[in-house]
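Please keep the sequence and the model in view while reading.

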Amino acid sequence: MRYFIQFSYDGTQYYGYQRQPKHISVQEKLESALSRLLRKEIKTIGAGRTDTGVHAAEMYAHFDWEEELPDQLVRKLNSLLPSDISIIAIFRVKDSAHARFDATERIYKYRISTLKNPFKQQFHAQFLFYQFDVDKMNKAAKVLFEYKDFTSFSKLHSDNKTNDCYIYQAEWKQYEDELVFTIAANRFLRNMVRAIAGTLMDVGRGKIDEKEFRNIIEKKDRKFASTSAPAKGLTLVKVNYPQDIYYET
């Protein structure tokens, strides 16, 4: 039987979700706790592999288990896991359901603080007293809808079979001293959201214009895009799945 785990985490202390040979990961912590409670080695497959230091308000992973799950497994897992990882729910899905390949949409938010604020240190990138032209950033962001190959915003030497992604939403909003970039797509390349955010921030600061932003995409070369925005400002906020993956009792 296949189960989905819905969970969230503060990624500050982790080298992303996916297991790393020499570094601590969210997957390692999750599998260790599951294996201890179920008294059998458990392997999970996540909806994605967030970058080092990136957070998730809603993340999913699946695992297989041939028996009924123990009572109060969510509570027991939360008592074992560190305080920066929280299990929201565990539920059965169809045996063919896949946390990564069945995801139809992923939504990220990138948050920037432009004034010193101790309550925005953990989950906001700090660009104190910077001036951003949000209208220019949004005009450039609309250019993303015209393309599907985002090699220019992909981590170099990635093992992707394709760099094609379909972006459904890309919009900046300003709330007093806070800027929030929301971007949704069927999939994202490694480092893609941070590279796009960093490049659009350069548009907002007048370092490049909309035409240059378009040229960066068309060059299909990471060296032409801007420096990636800091990891701590990025949070995966939503992963959507089709209804037909869910198990009907």
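## Burial and basis of the model

What percentage of the 249 residues of the chain count as buried? The share is 51%, where buried means under 20% relative accessible area, exposed means over 50% and partly exposed lies in between, with a 1.4 Å probe and protein chains only.

This is a predicted model, in which local features need pLDDT of at least 70 and side-chain atom pairs count only at pLDDT 80 or more, while totals for chains, interfaces and linings use all residues. Residues are numbered from 1 along each chain as its sequence is written, and side-chain values use heavy atoms, with hydrogens and water left out.

## Overall architecture

The chain contains five helices and nine strands, in the order β-α-β-β-α-β-β-β-α-β-β-α-α-β from the N terminus; helices (H or I, at least four residues) and strands (E, at least two) are DSSP runs, numbered from the N terminus. The radius of gyration is 19 Å, close to the 18 Å that the globule rule gives for 249 residues, so the chain is as compact as a globular protein of that length; the radius is taken over C-alpha atoms, and the rule is 2.2 Å times the number of residues to the power 0.38.

Along the principal axes, the C-alpha atoms fill a box of roughly 60 × 40 × 35 Å. Of the contacts between residues at least 6 apart in sequence, 72% join residues at least 24 apart, a contact being heavy atoms within 4.5 Å.

Strand β5 (residues 105-113) runs antiparallel to β8 and is joined to it by eight bridges, with Y108 having I183 as its bridge partner; two strands pair if DSSP finds at least two bridges between them. β7 also pairs with β8 in the antiparallel sense, over eight bridges, and here I167 has A185 as its bridge partner.

## Two residues with positive phi

β7 and β8 form a hairpin with two residues between them.

F129 is exposed, with a relative accessible area of 61%.
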